[in-house]
Every structure is written in C-alpha cells, then in structure tokens.
Amino acid sequence: AARALPGVRAVVTAEDLPRIRFGGHLRDEEYFATETVLFVGQRIAAVAADTLEIAREALRRIVVDYEPLPPVLSAEQALAPDAPLLHPGLMDYPPSAVASPQGGNVCSRNELRRGDPEAAFAQAARVFEQDYETEMVHQAYLEPRVCVGVHEPDGRFTVHASTQGTFQLRNTLATVLGVPQNRVRVVGAEIGGGFGGKISLQDEAAAAALSRAAGGQPVRIVMTRSEDFLAGTPRAKFHMRLKTGVTADGKLLARTFEILLDQGAFGQGSLLMASSLPTFAEGPYRI
C-alpha cells in the first residue's frame, strides 16, 4: 500500500538487507526487526518519498500486526530467574574482546579481583556501605541525527553523516548492507555536539538501502527530537553498590564495587563500559 502511493520512491524492510546481526562489541542487533520488536523505536520499515508529507502518509499505510509479549522494564527484573529472555540466541552471537556474554539477559559480565577483601573487612576499624543509582541519560546534543545516503552508479555507497565515528560507521554500514568495506565511503559532517551519542549506526543504513531501491537518488533522513530520544544511544542506567573498609587512621584496606548497567534492548556502549569499569572502580588509590 505504501509503494502504491504517488510520490513514493522506495520502501525497504528486513527483506531488503542481509540477515546479519551487527554491533560494536557484540553482534546482538538486527537493523530492521523481523520476528520480534524489543523496544519502542526499533526500526521495522523505511520510506523515501518526494515530500515529507507523502512519506508520512506512506508510513501510515504500512500495517504491522503485533502480539504483545511480557515486558522487561529494568535490569533487576531482567536478572530474575523467571524473566523473559530478550535474546534466546545470546550465546551464539559473535562477541569482540571486550564482551563476555553469560546467557540469560546478561550480555557481559566483567570482574577484577585482587587479594582477599573479606579478610581485610574483618580487620577494618570501620566499614562503609553505599548504594548509588543514575538514570539512563540521553546526550541532548542540539543537532539531531541526520544523514544522506547515495547508491553510486558503480555500486558503491556514499553516506554523509553527523557522526563521531567515521570509520566505525563505515565498517558497520558495510556489515549491515552486506558489502566489502571498500564499497562504502562515509563523509563526516561537522557535528557541533555528540558527547558519545553519535558514534554508532543510526539511520545511515536505511538511507543507503533506500537510495539503492530508488535507483541511486540521494535519500536524506533527519530524526525528530522525539525519535532521537526514543531510538538514540543514551548512556546506560547504573546501579552501584560500594563497600569500603578502613583502618582507624583512614587507610583503605578493602573495597568491593558491584555495578549493574541497564542499556536496554542491546548491549551497545555499555559493553565497553563494563570491560573497563572494574579498573576504574579502584580509583587512584592504593587499597
């Protein structure tokens, strides 16, 4: 129905891309959802049209049948023994060096241990225990995510993008599009602000796939502010439990630090954080 609307140049779904999972540290993402949609904001289809109004009308003509599934709304809930599995095939996803998948809903577990903290706590004059919690935080850059994709006559792709990670984006685009890296050129625009939120792939693959389906016409996608908040890559929510033992004169004897990160439906940047946080938890102190 969307393709039949005058002014629509192309419509793409998961059927127009290779069935390949991608991800910077764990290949746990599908670019367009196929059987399961894991969060509000996950892509299902994309439309290119002559005007924004026609594109929006075409989107309204796309009908999707949903079967509601039990939600998982927090990291604590995700760790419950009876929690629904968001990724039943998690242990088969290819990881990078920083990811250590554990199964269930745990996409990575990273640990650093030195010495015997329990023995040191027993010798401590005082033991302090604190819990800290932060919320998931969007980077709130002034300019939303924007890109232009072009499928060149020779079959290569050129993508202009508001990105902090030009080469990472090129590599991920090549994976999602199913082409060699030397068939993708990314032109990074001056972004003005990103703060870590403009590193990973966003609408660039949709723009490139739409341009290919539209016979090479350039396709521009600009996220609305609400779309950016829904589908961007915010910093994970943290729950931190800190226990520190000290002598009577304040010398640090032992510290344990448990950190639970909630990144949502996919691991994304929290996988890199999880690999480095155990070292950072020591701080600049001799314990």
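Me: What share of the protein's residues is buried?
Reply: Buried residues make up 38% of the 287 residues. Buried means under 20% relative accessible area, exposed means over 50%, and partly exposed is in between, with a 1.4 Å probe and protein chains only.

Me: What should I know about the model itself?
Reply: This is a predicted model, where local features need pLDDT of at least 70, side-chain atom pairs count only at pLDDT 80 or more, and totals for chains, interfaces and linings use all residues. Residues are numbered from 1 along each chain as its sequence is written, and side-chain values use heavy atoms, with hydrogens and water left out.

Me: How many helices and strands are there?
Reply: The protein has seven helices and nine strands. Both are DSSP runs numbered from the N terminus: helices are H or I with at least four residues, strands are E with at least two.

Me: Which strands make up the open sheet, and in what order?
Reply: Its four strands run β6-β5-β4-β7, with mixed pairing. Two strands pair if DSSP finds at least two bridges between them.

Me: Which ones are at the edges?
Reply: β6 (184–188) and β7 (219–222) are; each has a single partner strand, so one side of each has no neighbour in the sheet. From one strand to the next the twist averages 15°.

Me: And what holds strands together in general?
Reply: Strands of a sheet pair through backbone hydrogen bonds, either parallel or antiparallel.

Me: Is β5 with β6 parallel or antiparallel?
Reply: Strand β5 (residues 157–161) pairs with β6 in the parallel sense, over five bridges. H160 stands opposite V187 in β6.

Me: What about β4 and β7, parallel or antiparallel?
Reply: β4 and β7 pair in the antiparallel sense over four bridges. There, G149 stands opposite V219 in β7. V219 and I221 form the covered face of β7, while R220 and V222 form the uncovered one.

Me: Which helices pack on the sheet?
Reply: One is α4 (residues 166–177), which touches β5 and β6 and whose direction makes about 145° with that of β6. Another is α5 (residues 204–213), touching β4 (146–151), β5 and β7, at about 30° to the direction of β4. Contact means heavy atoms within 4.5 Å. Axes are lines fitted to C-alpha atoms, for helices over the stretch in contact, and angles run from 0 to 180 degrees between N-to-C directions.

Me: At what angle do α4 and α5 pack?
Reply: About 50°, with their axes 10 Å apart. They are therefore oblique to each other. Under 35 degrees counts as roughly parallel, over 145 as roughly antiparallel, 65 to 115 as roughly perpendicular and the rest as oblique.

Me: Which residues meet there?
Reply: L169, L173, V176 and L177 in α4 meet E204, A205, A208, A209 and R212 in α5. The contact divides into seven nonpolar, no polar and two charged residues. Ala, Val, Leu, Ile, Met, Phe, Trp, Tyr, Cys and Pro count as nonpolar, Asp, Glu, Lys and Arg as charged, and the others, Gly among them, as polar.

Me: New topic. What is the phi of A140?
Reply: A140 has a positive phi of about 55°, although it is not a glycine. Most residues other than glycine have a negative phi. A140 lies in the loop between β3 (126–133) and β4, and counts as partly exposed at 46% relative accessibility.

Me: And where is F195?
Reply: F195 is in the loop between β6 and α5. F195 has a positive phi of about 55° too, and is not a glycine. At 61% relative accessibility, F195 counts as exposed.
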